Amino acid sequence: MIIGLTGKNAAGKGEVAGFLQDKGFYVYSLSDVLREELKTRGEEPTRENLVRIGRELRGENGDGYLAERVLARTQPDKNYVVDSFRHPAEIAVFRRDPRYRLLLIEANPKIRFERIRQRGREADPATLNEFLQLEEKEHASAAVGGQQLHLSAGQADATVQNDSSLEELKTSVLGIVSRWAHQLSRPGWDEYFMGIAKVASLRSNCVKRKVAAVIVKDKRVISTGYNGTPRGTTNCFEGGCPRCNSLADSGARLDECLCSHAEENAITQAAYHGVRVKRATLYTTFAPCLMCTKMIINAGIEEVIYNLEYPLNDVSFQLLEQAKVSVRQYRVE
């Protein structure tokens, strides 16, 4: 999950972030980007400087700039809590990720002001009236790059009122997060195995095109292969295949190519290790060529699922159909 936090000053966002960190969440703040920028300029991370530099960066790079920077640091296998959403454009950036939910933390202004007073920082407002005036100025700014916290709050997926004890706050947050966790989805089998194939393609040593294939049986990967020069020979990207290194036109001089194809390697790797592929399914990032098609048929593979079309597929598809091998496309980016 990625849980975003929004709310006014001293509402309790830091307490929520710390609580979720104890539960295994990685903590980021959009303000981290501001602090990093101030550090490079040799300036102190005061509240005034953070607001000023935030307005400057949003004005120069767009209102979603801070969110873009932080979202790029997240990974799909971890849970995150991200503090300091202060503009609808920042929320829009994170909404691109289906794991994202926005939590609004609210508290009575008098309680929040008392928390500010207990903090005892010299630059903090001295009276409740000053506190409220400063908030209104910061949170509803019409200036380019200014904060729009009042609009951000309206986009929250849930709200927690933090006017009482810390334990009550934690209980409320835990209930909401648990409910969101039950709404999460995971990849289907096609997405899962095609994703594995796409990662395997990064091992390809071919300079022309990176392709990989994964052979699956009973929902278990039994063999993988990627294109490149044969075992024990010079890698393609090190000059091992003259045809690829001369950047030959697509479909031309194929008889000169020294690289083995991904499907070919997946099948031969299975044979090399004594793994049976009969009645298996083959996932490949490109539809198979004619040579690989013949190997697929003779190996007894029953289904081929491909991501992208290969330029010379018509004969391959006709032959697979004749051999009663199921073929379908599953497209991923």
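This is a predicted model: local features need pLDDT of at least 70, side-chain atom pairs count only at pLDDT 80 or more; totals for chains, interfaces and linings use all residues.
## About the model

Local features need pLDDT of at least 70 and side-chain atom pairs count only at pLDDT 80 or more, while totals for chains, interfaces and linings use all residues. Residues are numbered from 1 along each chain as its sequence is written, and side-chain values use heavy atoms, with hydrogens and water left out.

## Aromatic rings

Searching the whole structure turns up 11 aromatic pairs. Rings of Phe, Tyr and Trp (its six-membered ring) pair if their centres lie within 6.5 Å; planes under 30 degrees apart are stacked, over 60 edge-to-face, and the rest tilted. One of the pairs is Trp-189 with Tyr-192, which is edge-to-face at 5.8 Å centre to centre and 75° between the planes.

Trp-189 and Tyr-192 are three residues apart in helix 10 (residues 189-200), so about one helical turn separates them. Helices here are DSSP runs of H or I with at least four residues, numbered from the N terminus. Trp-189 is partly exposed at 44% relative accessible area, and Tyr-192 is partly exposed too, at 42%. (Buried means under 20%, exposed over 50%, and partly exposed in between, with a 1.4 Å probe and protein chains only.) Trp-189 and Tyr-192 also belong to one aromatic cluster with Phe-193 and Tyr-283.

## Charges over rings

A charge sits over a ring if NZ of Lys or CZ of Arg is within 6 Å of the ring centre and within 35 degrees of the ring normal. Arg-209 has its charged end over the ring of Phe-286, 4.6 Å from the centre. Arg-231 does this with Tyr-272, at 4.2 Å.

## A loop residue

Ala-126 lies in the loop between helix 6 (109-119) and helix 7 (128-139), and is exposed, with 59% relative accessible area.

Technical notes:
Helices (H or I, at least four residues) and strands (E, at least two) are DSSP runs, numbered from the N terminus.
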